Amino acid sequence: MSDGDVRGQLAGQLVEAAEKLFAAGVMSHSGHANLSARLDGERLLLTPGFVRGLKPEQLATVGFDGQVLDGGLRSVSAEIIAMHSAVYRARPHVGAIIHTHSPSATAFAVAHRPLPCRTEPMLRFGQAEEVPVVPWGPRGSDVSVRGIADVLRRRPTTAAVLLANHGLLVFGPDPAATAHLVVAIEESAEAEIAAAAIGGAVDFPPGAREAVRAAIARVAS
Ligand SMILES: [Zn+2]
């Protein structure tokens with residue numbers, strides 16, 4: 001496939017993923033989010049600063065170094081290139097990244113509480129461990145980006161992090177799988193908060209997470 005074909009295909013997938021997030025009801029009131037897909041080892045396709053009503057041709061091509069190569073980007077979005085690039089650099093197999101302010105997941109981020117893995121969808125859609133919290137740093141700042149890279153180093157198998165006092169950052173092989181995980185994480189956070197009112201959520205029985213992980217690996221292989 002040509003570079004243009006790959007770009008077109010990924011742009012369509014990102015727009016679909018954004019629509020899925022709105023349809024699933026996991027967006028915050030502001031509708032704030034940014035989504036990206038890896039083009040290659042040094043470039044990504046990024047939402048231009050809004051996602052509601054997004055069209056494929058509105059996505060921007062940017063370098064991991066922050067340079068805008070093609071398309072328009074609102075200045076607020078330039079700040080988040082480093083956040084996305086840090087994940088692509090740390091995780092060579094990641095193909096897509098989604099950042100949202102999904103309300104229940106953000107409640108955990110604001111409370112500086114890791115989100116436990118205690119629901120079936122979260123396990124099934126790729127997060128078989130708690131979602132760790134990255135310490136606060138202003139959006140796109142060196143402190144924030146270093147914090148993300150540091151947590152990814154310490155937690156080599158996590159597919160998501162909570163950004164303290166901010167929101168959620170999820171990554172996966174492609175835009176659709178990543179959007180599924182955003183929804184699963186938001187549902188899990190909602191269930192945790194609801195369960196707190198009736199005595200608190202309870203862990204899976206011993207070995208259950210490992211068994212599901214093994215079953216998924218068998219199906220995938
Ligand atoms: Zn944000």
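**The cavity and its surroundings**

Reply: The largest cavity is lined by Val134, Pro135, Trp136, Gly137, Ser144, Leu163, Ala164 and His166. (On a 1 Å grid over the protein atoms alone, a 1.4 Å probe fits in a cavity but cannot get out; lining residues have an atom within 4 Å of a point.) The model is predicted, so local features need pLDDT of at least 70 and side-chain atom pairs 80 or more, while totals for chains, interfaces and linings use all residues. Numbering runs from 1 along each chain as its sequence is written, and side-chain values use heavy atoms, without hydrogens or water.

The largest cavity holds about 50 Å³ of space. The count is one cavity of 30 Å³ or more.

Now the hairpin. Strand β7 spans residues 160-163. It pairs with β8 in the antiparallel sense over four bridges (pairing takes at least two DSSP bridges). Alanine 160 has valine 170 in β8 as its bridge partner. Three residues separate the two strands of the hairpin, and asparagine 165 takes a positive phi near 60° there.

β8 also pairs with β5 (residues 96-100), antiparallel, over five bridges. Here glycine 172 in β8 is the bridge partner of alanine 96.

Next, the largest pocket (an open set with protein on both sides within 12 Å along at least five of seven lines). Its volume is about 220 Å³. The lining has 14 residues, with Val94, Ala159, Phe171, Gly172 and Pro173 nearest the centre. β8 (167-172) and α7 (175-196) each supply at least two lining residues. The largest share, three residues, comes from α7.

Definitions and conventions
Grid points are joined across faces, edges and corners, and a volume is the space filled by probe spheres set on the points.
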